[in-house]
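Please read them alongside the sequence and the coordinates.

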Amino acid sequence: MTRLPLLSVDQAPAEVQPALEQAVKTSGFLSNLLAVLSNAPVALQAYQDMSALNAKGSLNLKEREVVQLVAGTIHGCKFCVAGHTALATNKAKLDASDIDALRDKRYGDIADARLRALALFTEQVILTRAYVSDEALNAFYAADYGPQQALEVIVGVSLATICNFANNLAHTPLNTQLEAYQWHIS
């Protein structure tokens with residue numbers, strides 16, 4: 001059961017209703033994440049603004065989904081892992097075995113070497129609060145990433161932190177549209 005209210009479009013503050021209406025138009029349903037974030041208009045705006053900024057970076061959709069899945073699994077966010085599994089499967093078209101490795105926190109098992117390096121670097125950014133070792137940074141650079149992408153990982157982790165922590169605080173239930181992608185903490 002959720003610990004924070006799930007606000008419908010009509011229950012949400014008037015200032016966020018247009019953003020929620022657009023989200024429903026885009027996806028066909030109101031994500032329970034947005035329903036939770038609507039309790040604080042600044043939280044919803046931070047999430048949406050950070051999402052838009054994250055999408056403008058040099059990391060492609062597959063890479064951004066890797067960052068989100070690593071953050072979600074490390075932060076234990078069942079809602080985000082399910083949601084990003086759906087995105088990674090249906091939009092980013094990540095390999096199913098790579099998605100399984102991400103969901104199981106077996107980042108070293110990711111078949112694509114570049115995505116594996118990204119996942120391992122993202123893990124280190126989170127676990128060390130970005131005090132990554134020279135070895136970890138050099139391994140990331142050896143996979144043809146650079147300073148721009150290192151900072152964009154931090155942007156992606158920042159985005160994930162907003163939604164991971166909000167969902168963990170709220171105990172946000174999965175929308176029925178995401179139930180096929182549910183994840184259990186291992």
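**Notes on the model**

1. The buried residues of helix 6 are covered by elements that include helix 4 (61-75), helix 5 (78-90) and helix 7 (113-127). Helix 6 itself spans residues 96-103, and its buried residues are Asp98, Ile99, Ala101, Leu102 and Arg103. Buried means under 20% relative accessible area, exposed over 50%, and partly exposed in between (1.4 Å probe, protein chains only). Helices are DSSP runs (H or I, at least four residues), numbered from the N terminus. Just after helix 6, Lys105 has a positive phi of about 60°.

2. This is a predicted model: local features need pLDDT of at least 70, side-chain atom pairs count only at pLDDT 80 or more, and totals for chains, interfaces and linings use all residues. Residues are numbered from 1 along each chain as its sequence is written, and side-chain values use heavy atoms, leaving out hydrogens and water.

3. The structure holds three salt bridges, each a side-chain nitrogen of Lys or Arg within 4 Å of a carboxyl oxygen of Asp or Glu. One of them pairs Arg114 with Glu63 at 2.7 Å, N to O. This pair links distant parts of the chain, with Arg114 in helix 7 and Glu63 in helix 4, 51 residues apart. Glu63 is buried at 4%, whereas Arg114 is partly exposed at 30%.

4. Arg106 forms a salt bridge with Asp104 (closest N and O atoms 3.3 Å apart) and another with Asp109 (2.8 Å, N to O). Shared partners join Asp104, Arg106 and Asp109 into one network. Arg106 is partly exposed, at 35% relative accessible area.

Definitions and conventions:
Helices (H or I, at least four residues) and strands (E, at least two) are DSSP runs, numbered from the N terminus. Contact means heavy atoms within 4.5 Å.
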